[in-house]
Amino acid sequence: MESISSPAGDVLPEDEPAGGPTFLDRLFDHGLLVRTGVDGLYGRSGGFESVVDALDRMITRLGAAEGAEVLRFPPAMSRSAFERSGYLKGFPNLAGTVHSFCGDARGHAEILACLEAGTDWTGQQEATDVVLTPAACYPVYPVAAARGALPAAGRLFDLQSYCFRREPSLEPTRMQLFRMREYVRMGSPEQVLAFRESWLERGTAMMRDLGLPLAIDAANDPFFGRAGRMLANNQRAQGLKFELNVPVNSVDKPTACLSFNYHQDHFGSTWDLHQADGTVAHTACVGFGLERITLALLRHHGLDLAAWPEAVRAELWG
């Protein structure tokens, strides 16, 4: 696929002067985001959430005609399913595990002593049987596989979840906990590729209707290490991943707000997920970064929601 673009111009609105407040500073100053003391972990205001909610409804409308099965999982998943998924092979640096104290009264006393002394108290923490969800689609594959072979038409799921990736940053678009809305298609290669192509068109139209400059480009996941670089190159060469990018932090390094992914038979093979004819199922997904799209709107239309262009407000709130 060739890159599809809508010119972003040479500068962003309210371009940040050297030494002046950053976009993140202004989001804090306007009360749209709330500091927690950890980079990439923020509270959200009612105004910010009103945009997220409107985007969520807009995405629902765009996919309503296809009759996707709606599932909502918590922001944690089975540790055993996570291990089987293969996530740790590609992204060990981004994973988040959940640990808890599993000791006795003596161990508790040691924890309290460490807290009192200001030393590390985590030595007696042990991994639990849950991990933080890295992407909204990860919990659905074992659920689908447990149902048996796919029907001839395949399956389509509508998902949304908070997700975690450990990459603390002062870029507001790179949060450690964020919400991802996804549609996931399972079926034959032809079915899932047609699904992805359809959402490439719909996602582009949605973002243009919201008045955002954009470009769709071939992309790769941030695989870890030397072997990861080979995986990334292969992913790009095969056209398995496209991202819809919008300049938010800078024009030179735009932010991926939507992603369109063809997994081939990776998850089908991992989870023994089969088509009706017994062949391994292929999967694809479209993902919407709800906070990232919200931040793109705030960056390009301003921090006062009431002053946004009427056409954009009509798309979001009717």
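**Close-up views of a predicted model**

**View 1. Phe223 is partly exposed, with a relative accessible area of 22%.** The model shown is predicted. The value for Phe223 falls between the 20% and 50% cut-offs, so this residue counts as neither buried nor exposed. Phe91 has a relative accessibility of 11%. That is under the 20% cut-off, so Phe91 counts as buried.

**View 2. Phe91 and Phe223 form an aromatic pair.** How many aromatic pairs are there in total? With ring centres within 6.5 Å as the rule, the count comes to 10. In the pair of Phe91 and Phe223, the ring centres are 5.1 Å apart. The planes meet at 20°, so the pair is stacked. Phe91 sits in the loop between helix H4 (87-90) and strand S6 (97-101). Phe223 sits in the loop between strand S10 (214-218) and helix H8 (225-237). The pair therefore ties together parts that are 132 residues apart in sequence.

**View 3. Trp308 and Trp317 form a tilted aromatic pair.** A pair of aromatic rings is described by the distance of the centres and the angle of the planes. For Trp308 and Trp317, the distance is 6.1 Å from centre to centre. The angle between their planes is 35°. Is Trp308 buried or exposed? Its relative accessible area is 2%, so Trp308 is buried. Trp317 has a relative accessible area of 31% and is partly exposed.

**View 4. Ring pairs link several aromatic residues into a cluster.** Which residues belong to the cluster? Its members are Phe82, Tyr87, Phe91, Tyr138, Tyr141, Phe223 and Phe267.

**View 5. Asp158 is a buried residue in strand S8.** The strand covers residues 155-164. Asp158 has a relative accessible area of 5%. This is under 20%, so Asp158 counts as buried.

**View 6. Gln264 and Asp272 each have a positive phi.** Most residues other than glycine have a negative phi. For Gln264, phi is near 55°. Gln264 has its place in strand S12, which covers residues 255-264. Its relative accessible area is 28%, so Gln264 is partly exposed. Asp272 is not a glycine either, and its phi is about 55°. Where is Asp272 found? It lies in the loop between helix H9 (266-271) and strand S13 (282-289).

**View 7. The whole protein holds 11 helices and 13 strands.** Its radius of gyration is 21 Å, close to the 20 Å that the globule rule gives for 318 residues. The protein is therefore as compact as a globular protein of that length. Its C-alpha trace spans about 65 × 60 × 40 Å along the principal axes. Of its 318 residues, 46% count as buried. Take the contacts between residues at least 6 apart in sequence: 71% of them join residues at least 24 apart. The accessible surface comes to about 15200 Å². Carbon and sulfur atoms account for 53% of that surface. The protein has 29 positive and 39 negative charges. The mean positions of these two sets are 3 Å apart.

Note on methods
Residues are numbered from 1 along each chain as its sequence is written. This is a predicted model: local features need pLDDT of at least 70, side-chain atom pairs count only at pLDDT 80 or more; totals for chains, interfaces and linings use all residues. Side-chain values use heavy atoms; hydrogens and water are left out. Helices (H or I, at least four residues) and strands (E, at least two) are DSSP runs, numbered from the N terminus. The radius of gyration is taken over C-alpha atoms; the globule rule is 2.2 Å times the number of residues to the power 0.38. Buried means under 20% relative accessible area, exposed over 50%, partly exposed in between (1.4 Å probe, protein chains only). Contact means heavy atoms within 4.5 Å. Accessible areas come from the Shrake-Rupley method with a 1.4 Å probe; for residues, only the protein chains shown count as cover. Lys and Arg count as positive and Asp and Glu as negative; His and the chain ends are not counted. The place of a charge is taken as NZ of Lys, CZ of Arg, CG of Asp or CD of Glu. Rings of Phe, Tyr and Trp (its six-membered ring) pair if their centres lie within 6.5 Å; planes under 30 degrees apart count as stacked, over 60 as edge-to-face and the rest as tilted.
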